[in-house]
Amino acid sequence: MTLQQLRYLIAVAEKGAITEAAKSLFISQPSLSNAIREVEQSIGFRIFNRHRTGVTLTAKGVDFLGHAHQVVWQMDALESKYGDSQETRQRFCVSTQHYTFTANAFVELVKDRGQGQCDFMLNETQTHQVVEDVCGRFSDLGVLYLSRIGVGPATLRMLRA
């Protein structure tokens, strides 16, 4: 699978329809469908459920797309830092569980610090992915809300490691 195919998959997931994604990517719908099919064949499972009204992600597709986003973001970061571009922009990424207070705090940070100076990214994901994002240096900051009820043994093991 190629980086371009990953970008295609992300576009399809964001648009919710192969035809709409093809238009936004300026490629033909059959070419996009073939690219999706090639990736699904190479990984051995379906990423999308196809419907008359569009597509939805399968359970495995959700997980796969999370990793695809990371790969694409990392490649973009590499290209911006070490590519031909003279201007180097800093990147600040926060991974968090889906909570309104974290999104509000992030918006305030962006307003306060200004978007012109830095590329800001907010990645709302599951608890284990927040930990993996920070450990793997994908995210600069991870925000978790832990409670006695919501903390499982697997999460505690990840945090201790």
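A salt bridge here is a side-chain nitrogen of Lys or Arg within 4 Å of a carboxyl oxygen of Asp or Glu. You are looking at a predicted model, in which local features need pLDDT of at least 70 and side-chain atom pairs count only at pLDDT 80 or more, while totals for chains, interfaces and linings use all residues. Residues are numbered from 1 along each chain as its sequence is written, and side-chain values use heavy atoms, with hydrogens and water left out.

**Stop 1: salt bridges**

Stay with the pair you have selected. Both Lys 111 and Glu 108 belong to helix 5 (residues 100-113), where they sit three residues apart, about one turn of the helix. Helices (H or I, at least four residues) and strands (E, at least two) are DSSP runs, numbered from the N terminus. Lys 111 is exposed at 61% relative accessibility, while Glu 108 is partly exposed at 48%. For these words, buried means under 20% relative accessible area, exposed over 50%, and partly exposed in between (1.4 Å probe, protein chains only).

How many salt bridges does the structure hold? There are four. For another, select Lys 23 and Glu 20, whose closest N and O atoms are 3.7 Å apart. These residues are three apart in helix 2 (residues 18-25), so about one helical turn separates them. Lys 23 is exposed, with 55% relative accessibility, and Glu 20 is partly exposed, with 40%.

Now select Glu 40 and Arg 50, whose side chains meet in a salt bridge with an N to O distance of 3.1 Å. Glu 40 is in helix 3 (residues 29-43) and Arg 50 is in strand 1 (residues 48-51), so this pair ties together parts that lie 10 residues apart in sequence. Is Glu 40 buried or exposed? Glu 40 is buried, at 8% relative accessible area, whereas Arg 50 is partly exposed, at 34%.

**Stop 2**

To see where they touch, select Gln 5, Tyr 8, Leu 9 and Val 12 in helix 1, then Leu 32, Ala 35, Ile 36, Glu 38 and Val 39 in helix 3. Contact means heavy atoms within 4.5 Å. The residues of this contact divide into seven nonpolar, one polar and one charged. Ala, Val, Leu, Ile, Met, Phe, Trp, Tyr, Cys and Pro count as nonpolar, Asp, Glu, Lys and Arg as charged, and the others, Gly among them, as polar.

**Stop 2: aromatic rings**

A search of the whole structure finds four aromatic pairs. Select Phe 45 and Phe 64, an edge-to-face pair with 6.2 Å centre to centre and 80 degrees between the planes. Phe 45 is in the loop between helix 3 and strand 1, and Phe 64 is in helix 4 (residues 59-82), so the pair ties together parts 19 residues apart in sequence. Phe 64 is buried, with a relative accessible area of 13%.

Next, select Phe 106 and Phe 120, whose ring centres are 6.2 Å apart and whose planes stand at 85 degrees, so this pair is edge-to-face. Rings of Phe, Tyr and Trp (its six-membered ring) pair if their centres lie within 6.5 Å; planes under 30 degrees apart count as stacked, over 60 as edge-to-face and the rest as tilted. Phe 106 lies in helix 5 and Phe 120 in strand 4 (residues 118-124), so the pair ties together parts 14 residues apart in sequence. Phe 106 is buried at 11%, and Phe 120 is buried at 18%.

**Stop 3: Leu 57**

Finish at Leu 57, in strand 2 (residues 54-57). Leu 57 is partly exposed, with a relative accessible area of 31%. What does Leu 57 touch, not counting residues up to four places away in sequence? Select Ala 13, Ile 47, Phe 48, Asn 49, Val 62 and Leu 65 to see these contacts. Leu 57 and Ile 47 are 10 residues apart in sequence, with their C-alpha atoms 5.9 Å apart in space.
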